[in-house]
Amino acid sequence: MKLNELFENVPDIEIKSLMADSRRKRPDSIFFCVKGMMFDGHRFVEQAIQNGAKVIVYSESIACTHPEVTYIRVKDVNAVFNKVADAFYGYPSHKMTVYGVTGTNGKSSIACIIRDLLDPVSPTGYIGTIAIEYGNVKLPPLLTTPDIDDLHGILKDMLDAGIRNVAMEASSIGIDQGRVDAIDFDVGIFTNLTHDHLDYHGTMENYFQAKKKFFDHLKPGAIAITNADDPYGMRIVEDCPCRVLTYGIDHEADYQVVKYQLLADRTLFVLKCNGMEYELETNLVARFNIYNLLAVIAALNASGMSITQMLPNLRNIKQVEGRMERIDRGQPFNVLVDFAHTPDGIEKVCQFASAITPKGKRIIAITGSAGKRDTVKRPIFGEILDQYADMIILTEDDPRNEKPLDIARQIASGIHRKPYTIIEDRYDAIRQAVEIAQEGDTIIILGKGDEKFIYREFGREPYEGDDAIAREVIDQYWFGKGEKE
């Protein structure tokens, strides 16, 4: 693409790529001096030029010393970056139906289920914490919400592959940093808002306002779908310029569950919508998954899929990796793996574990807390586990440059009644839980889900994932033990 197709009064030169990370080699590129959480792109202009930048877009004073480089000063680099990226990749989101999901918990599950239910009808992709998926392509995740250039590039690749819909997660940080400002969302979904990311946002009100920005910027022809039972659910859409639909259990809503039954391996419920009642059965478990499924049903129904068309596919929804995943290797106890890493998320998993664990049997909980992230919630984790679990194993979870032992002790400061132990190595912690489990017990493994890495001081280190390790240690240390005996 020519530079003068993207900017006015500039040279007629060929642009082959965009760049925001000066460390990437991008020949014939435009470098955008974006200010991030840790670094300011204005400081890395020289490096960007060495790596192929022919154009520099900036907003603050820099040394313009290369005559062969074009310098463009703008008021807001991020806003220009969004506009240019959208145009450079051919406006891909405008040519697809885009579902955006935001909230503290449930984003991955809702986006993945939308993809799985819609894909057989119309090719659908997914972008989020778990992966980037479309057609036969499955790529490792970048950020929950990728950076501007990556995001538009992914959407362009999806469009070129014949994808006509995409379900994507929109994180509060991604929204706040303007990564989705140029995405043409057709449906926006709000899940819930509870304690998380306060190390970044500072207060719950700031966190809420970041989420609200997503709905304030929806186009008039879009549809906003919100959780009527969440304290923030109606407030978040009060300035929304488009049609609003609600879902819930405890409050009257457009899509309301009026009766439900939670079982260990499935959920039964009655959905009331448009004056009709539908009896539904799903393999998803736990009350919070009813909310997730309500959001999916509302989004797809509002987009034209009938509820009766969805009914058969709700019975056996594909397991969302690492999200309330039941690990069943034939062992006589329950094992649940969940990505829960917030107080609300952990409590909801604990509540479900309590509901399915027979009286007199134990809940064995394994968890940690991420390093360099929201330290306030650590003792809260301990308080919740102290209320629900019978045995607590504290371990590492993306420690970064903190010591796992120090993090574990902060969690333990909230534990006053129940026994706990600290096993720093996560694999050993899961193994220990399996070895001490007895018939009828429930093991809950919290925090990592299916993630294939652990963040350490030096960066990402490969990790099998809690789900894979759980299967491995059950096979080796439970059934292997039994065979030897």
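Which two strands pair in the parallel sense over four bridges? They are strand S2, residues 29-32, and strand S3, residues 53-58, and the points below set this pairing in its context.

1. This is a predicted model, in which local features need pLDDT of at least 70 and side-chain atom pairs count only at pLDDT 80 or more, whereas totals for chains, interfaces and linings use all residues. Residues are numbered from 1 along each chain as its sequence is written, and side-chain values use heavy atoms, with hydrogens and water left out.

2. S2 and S3 belong to an open sheet of four strands, ordered S1-S2-S3-S4 with parallel pairing. Because strand S1 (17-19) and strand S4 (70-73) stand at the edges with a single partner strand each, one side of each is left without a neighbour in the sheet. Neighbouring strands of this sheet are turned by 20° against each other on average, direction ignored. Strands here are DSSP runs of E with at least two residues, helices are runs of H or I with at least four, and both are numbered from the N terminus; two strands pair if DSSP finds at least two bridges between them.

3. The count of aromatic pairs comes to nine, where rings of Phe, Tyr and Trp (its six-membered ring) pair if their centres lie within 6.5 Å, with planes under 30 degrees apart counted as stacked, over 60 as edge-to-face and the rest as tilted. Phenylalanine 88 and tyrosine 89 have ring centres 5.1 Å apart and planes at 85°, so this pair is edge-to-face. Both phenylalanine 88 and tyrosine 89 are buried (buried means under 20% relative accessible area, exposed over 50%, and partly exposed in between, with a 1.4 Å probe and protein chains only).

4. Phenylalanine 214 and phenylalanine 215 also form an edge-to-face pair, at 5.1 Å centre to centre and 80° between the planes. Phenylalanine 214 counts as buried at 5% relative accessibility, and phenylalanine 215 is buried at 0%. Together with Phe185 and Phe190, these two residues form one aromatic cluster.

5. Isoleucine 356 lies in helix H10, residues 343-356, and is buried with a relative accessible area of 17%. Leaving aside residues up to four places away in sequence, isoleucine 356 touches Ala264, Asn334, Leu336 and Thr442, contact meaning heavy atoms within 4.5 Å. Isoleucine 356 and histidine 94 are 262 residues apart in sequence and, C-alpha to C-alpha, 45 Å apart in space.

Notes. Axes are lines fitted to C-alpha atoms, for helices over the stretch in contact, and angles run from 0 to 180 degrees between N-to-C directions.
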